[in-house]
Amino acid sequence: MPIKKAPKPKSLIKTLFKWLAFFFFAFIGTFLIATYFFLIELDKELPDIDQLQHVQYQMPLNIYSQDKLLIAQFGEKRRIPINIEQVPPLLIKAFIAAEDDRFYKHNGVDFKGLLRAVSQLALTGKKRQGGSTITMQVARNFLLSNERTYLRKLKEIILALKIERQYSKDQIMDLYLNKIYMGQRAYGVAAAAQTYYGKDISELALHQQAMIAGLPKAPSIYNPITNPQRAIERRNYVLRRMLDLNYISQRDYEIAVQTLDNAEIQPINVELQSPHIAEMVRQEVMSKYGETAYTLGLKIFTTVPSQFQLAAEDALQKTLHEYDERHGYRGFPHKNTQKGGAQLTDNVIGDTRQALITAVADSGVTARLYDNTQIVIAWKNIEWARPYPEKNIGSAKAFLKPNDIIWVRELAKDEWALTQIPGAEAAFVALNPNNGAILALCGGFDFYHSKYNRATQSKRQPGSGFKPVIYTAALEKGFTAASIINDAPIVIEDPSQENDWRPENYSRRFLGPTSLRVALRESINLVSVRLLQEIGIPQAIDTAMRFGFDKEQLPGTLSLALGSGYASPLRMASAYAVFANGGFLVKPYLIERIEDHKGNLLFQANPPLACADCPDQDPPSPNRAPRAISAKINFLANSLLRDVVQRGTATQAKQLGRNDLAGKTGTTNEQRDAWFNGFATDIVASAWIGFDNSLPLGHGETGGKAALPMWIKFMKAVQQNFPEKPLTQPAGIVQAYINPADGLLLDQEARGGIWEYFSEETVPTAKSAPKAEEPEEDELFAEEALF
């Protein structure tokens, strides 16, 4: 049997090599095939890059006045989208130098950079920052999550390659500069320029451009606000890279690196401080859009002109100070920086702020504000702080000492006064009565001191301000301005109460038989109660509901005649709008229009309008406000309310020099609320003052004394916007010469008569006694009602 020869060594090595080669190529092939199918499957999971064509940046909610002044901004992300054409070329070069100097050369992935990052990982075992191109950052920021995994990196690479094939370099840079996070809630270069330097990107100096370009790598570490030293190091690195790439000259570089950085957080450029309005708008927009309202970049334009809002706030604050000064100084004991170790603060509440007295002299008091501004307070602006015997203080000079901390307010340029934070509160609302647009709204002395919005949220008794509604119901039932009601004591039996109700007039006096005209202008309580008795409570409530009051606001008792229900100043202003616009009920609204971040119109208010000159329609047009009272009744009510200003409890308003003013004062029990609700051509407004805990305002603090001055101050500032128009007498209204003592006709030759307005169906037919004399004006009292 032949013996087999052993294989030669060379042949064995060759065979082994073949098998190794086979397995190697098989492995490579399998790996490539597996990788191919893996990439195909992975590609299916990748987001569609087409969505980059319709990017919706998250931008804050901005609220503006009617004249486009910024009132407030809501939202966590500050962003100002821009086009690449708006970005200075040098700023783009700064980002390229800092982040991706081969941006315009690679196809989305810088493989050299990736290899450097991989080699660093292999040599040190640590991940090295870098390797991500600007295109890869766009892919990550727009299309992927922030998880740090190798799989996400692979997705970045694939997406970057696809993005580069579909989009130009400028489009990619545009996306990057708008999206990148820059710290301090700022996203994008335009927001960063505003946030850190308060500038437009076109105004940035070279050192500022380099600082901003250095932020994306680590916005918290290289933040010039929180870490200025590291930020300067990063800025100078970016400048060095710009020099190396020949983007800047040696001289520019040297100047820039030696320039001190002046970055500081810039406040949002609020141009009109109206936080009560801002909060009302925010809540309404949230109910419409939900939480996304904070990110859609919506622009909300309100109905409020800035001039009107500033006038309302000024009137409210001054009126509260006037009331406060009538009731004495409450600033004891003063904080003293030496004795008690107190510190001057930068607190600003309303129009008041703290000051440190530095000297007391015959010329006045010298003091220093928190920002070191020196002010002088003349003694004439301190004298209101009267002597206090119970505190052993005889004069203002005796209780103001150097190193005392006091509250002051600026009266005019360089004129200051001693003051205090008012203890009472106030609210003010002004409307366009023809469509319900809110023209001004103040919910209190200072929103940040108390966020309670008294203009909309309060439930206060309207007092005598409600009487015109009762009188309107009476006119509808056939009473006239000349109808006589006896002003005499009355007792109302109420089985549910321990004692009977005995309403009184504010003056505790009685006029006897009194016409409705006189009773309303003098705010006589007992006439209102008797009038309600005659027309009936259901009739009065029905009329009030046509003025916009809800039934739960209206008590079903005779105290309704004295305004014992509840209402907010906004509700009272909208009710008086009925009188001001010819008899129509309009709904108050605050948002005029809403635009998206590109200026596209999303919403435009189209409120039903009051139109006194338009023929009545049945059914009414949707663009027409519903009629609440007839034109004839409205004219008669206007005539009565104008008399309140001309001869009644609001004669102080005559200083405005207009003949179209009308309204009604209101004071509640023990002067707990003081009101004035009034109107002129095309404007209606309500002013209220009182304590939040319903403490009495004090003796004599009636609507005419406490609230009317607020209304007058506001009207004085804005009335030039509302040219006076005569009150047009509608068809069906006639005048008759009557005896004011009994409301009956009088011969025109007779003395003591007056001309009075009537609707045709209510003109008196009987004649009065021949000798009648009008009561002397000084016999009539012009004081407020009890309610």
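Colleague: Which residues in α14 meet residues in α17?

Modeller: Please keep in mind that this is a predicted model. In α14, the residues V469, I470, T472, A473 and E476 take part, and in α17 they meet Q539, A540, T543, A544 and R546.

Colleague: At what angle do helix α14 and helix α17 pack, and how far apart are their axes?

Modeller: In general, two packed helices are described by the angle between their axes and by the distance between the axes. Here, helix α14 (residues 467–476) and helix α17 (residues 537–546) pack at about 110 degrees, and their axes lie 9 Å apart. Because angles of 65 to 115 degrees count as roughly perpendicular, α14 is roughly perpendicular to α17. The crossing of α14 with α17 is right-handed.

Colleague: In what order do the five strands of the open sheet lie?

Modeller: As a general idea, strands of a sheet pair through backbone hydrogen bonds, either parallel or antiparallel. In this open sheet the order is β14-β13-β21-β20-β19, with antiparallel pairing. The edge strands, each pairing on one side only, are β14 (438–442) and β19 (662–667), and from one strand to the next the twist averages 5 degrees.

Colleague: How many bridges join strand β20 to strand β21?

Modeller: Eight bridges join β20 (residues 673–680) to β21 (residues 683–690), and these two strands run antiparallel; as an example to look up, G678 has A685 in β21 as its bridge partner.

Colleague: Which strands does helix α12 touch where it packs on the sheet?

Modeller: Helix α12 (residues 306–326) touches β13 (425–431), β14 and β21, and the direction of α12 makes about 35 degrees with that of β14.

How values were computed
Residues are numbered from 1 along each chain as its sequence is written. This is a predicted model: local features need pLDDT of at least 70, side-chain atom pairs count only at pLDDT 80 or more; totals for chains, interfaces and linings use all residues. Side-chain values use heavy atoms; hydrogens and water are left out. Axes are lines fitted to C-alpha atoms, for helices over the stretch in contact, and angles run from 0 to 180 degrees between N-to-C directions. Helices (H or I, at least four residues) and strands (E, at least two) are DSSP runs, numbered from the N terminus. Angles under 35 degrees count as roughly parallel, over 145 as roughly antiparallel, 65 to 115 as roughly perpendicular and the rest as oblique. A crossing is left-handed if the near helix is turned anticlockwise from the far one by less than a right angle, and right-handed if clockwise. Contact means heavy atoms within 4.5 Å. Two strands pair if DSSP finds at least two bridges between them.
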